[in-house]
Amino acid sequence: MTIAAVIGLGTMGAGIAAVLARGGLTVRACDTAPAAVERARGELPAIAGLLDRLGTPARGDATAVAFAGSLEEAVAGADLVLENVPEKLELKQQVFRQIDAAVGTDCIIASDTSGIPITKLQAVVSRPERVVGMHWSNPPHLIPMIEVVAGRQTGTATRDWMVALIRGLGLLPVVVKKDVPGFVENRVLYAIMREALDLVEEGVIEPEDLDTCVSWGIGYKLAIVGPMKLLDMAGLDIYQSVASYLNPELSRRADVSGAIAERIGRGRLGLKSGAGLFDYAPGELQSLRAERANRFVAVRKALTED
Ligand SMILES: NC(=O)C1=CN([C@@H]2O[C@H](COP(=O)(O)OP(=O)(O)OC[C@H]3O[C@@H](n4cnc5c(N)ncnc54)[C@H](O)[C@@H]3O)[C@@H](O)[C@H]2O)C=CC1
Ligand SMILES: Cc1ncc(C=O)c(C(=O)O)c1O
């Protein structure tokens, strides 16, 4: 039985732990914040219900996650440790050192980092060849694609082990061939987010209308036809004509939208704080998450049915 430890139980933690447990792994998890542990514990039954509705391979119980009192307790005897703490390099490196000192020589250490180069994380451990990126997408129990990213010193066997693990979970591993910041998913997503925020800040469109435009004009389409295939569908000549005048116009800002920093400064972090770019009524968050989860399930089943 493969033993996996998940370090960090925030937005991503419970869903990842549940998917690993349903896949038949023995899962332990920990968090330095007791409230995060209790929130994750409380989320597991609903996540398990969604995985049942999706019909993913069930080799274990998605709620069978053991919550450890410390990182050392969580990682003891683990075959895989997934680091899942906040996106801060120094913190991740500190946690990687702590993991490295507590695991066996055969343990694979993975990171769910959104885009910090894996090479920077493996630089602080004694066996860098056992380090690999395992980048899940939010919500992790509903999005089947996981990026597998090898750092400069990652062993081929480590990368291949991770690909096989993800396939065994019934999910979609995508091997990112170069350890570039943001990998692939977030480089594309953040180009979209940068342009979207610019269009709203420049008064070109209202936020709600931008979401409608992108979700139904682009997201719906890309869920069925990926960008590379879409170029053939639209016509490469059309792309050349439009890109020739449009590429010079697209946002190239290297900083982060002031609107984002301003809201963070007011404690408006998004769903995790009850308000962000949008306001949410107190009871709305739970119904919003449930409604979105239902739609994720319906769309994923529609896209994967033969
Ligand atoms: N939120 C998202 O949409 C996605 C985030 N990610 C990445 O996953 C990682 C985690 O992201 P989130 O879950 O959103 O972060 P989060 O901030 O919601 O949760 C992080 C958790 O780590 C805990 N933590 C902090 N230091 C710790 C330590 N030393 N030991 C154990 N636990 C510790 C915190 O108490 C918190 O509960 C980040 O690298 C992020 O970039 C990846 C995919 C999507
Ligand atoms: C805004 C944002 N940033 C990072 C990630 C993943 O690393 C996501 C996501 O998975 O959806 C995201 O929405």
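Trainee: What does the domain assignment of the chain give?

Mentor: First the ground rules: this is a predicted model, where local features need pLDDT of at least 70 and side-chain atom pairs count only at pLDDT 80 or more, while totals for chains, interfaces and linings use all residues. Residues are numbered from 1 along each chain as its sequence is written, chains are lettered from A and ligands numbered from 1 in the order in which they are written, and side-chain values use heavy atoms, with hydrogens and water left out. The bounds come from an automatic or database domain assignment, and the chain is given domain 1 (3-176), domain 2 (183-254) and domain 3 (255-305).

Trainee: How much area do domain 1 and domain 2 bury between them?

Mentor: The centres of domain 1 and domain 2, taken over C-alpha atoms, are 31 Å apart, and 12 residues of domain 1 are in contact (heavy atoms within 4.5 Å) with four residues of domain 2. Buried area is the accessible area (1.4 Å probe) that two parts lose on being put together, summed over both. Carbon and sulfur atoms hold 61% of it here, and the total is about 640 Å².

Trainee: Which residues of domain 1 lose the most area to domain 2?

Mentor: Look for a trio that together makes up 46% of what the domain 1 side buries. Those residues are Ser114, His135 and Glu147.

Trainee: Why does ligand 2 lie between domain 1 and domain 2?

Mentor: A residue counts as near a ligand if one of its heavy atoms lies within 4 Å of it. By that rule, ligand 2 is surrounded by Ser114, His135, Ser137, Asn138, Asn186, Leu189, Tyr190 and Met193. Ligand 2 lies between the two domains because its shell takes residues from both domain 1 (3-176) and domain 2 (183-254).

Trainee: Which helix gives the most to the shell around ligand 2?

Mentor: Helices (H or I, at least four residues) and strands (E, at least two) are DSSP runs, numbered from the N terminus. The top contributor to the shell around ligand 2 gives four residues, and that is helix H7 (residues 185-201).

Trainee: How far is an oxygen atom of ligand 2 from a polar side-chain atom of serine 114?

Mentor: A polar contact with a ligand is a pair of N or O atoms within 3.5 Å. The side chain of asparagine 186 has an N or O atom 2.8 Å from an oxygen atom of ligand 2, and for serine 137 the distance is 3.3 Å. For serine 114, it is 2.7 Å.

Trainee: Where is the proline that a cis peptide bond joins to asparagine 138?

Mentor: The partner of asparagine 138 in that cis bond is proline 139, and omega is about -5 degrees. Proline 139 sits in the loop between strand E6 (131-135) and strand E7 (145-150).

Trainee: How far is an oxygen atom of ligand 1 from a backbone N or O atom of threonine 11?

Mentor: Ligand 1 has 24 residues around it, with Met12, Asp31, Glu87, Lys92 and Ser114 the closest. For the backbone of threonine 11, the distance is 3.0 Å.

Key
A polar contact is a pair of N or O atoms within 3.5 Å; within protein, one must be able to donate a hydrogen and the other to accept it, and residues adjacent in sequence count only if both atoms are side-chain atoms.
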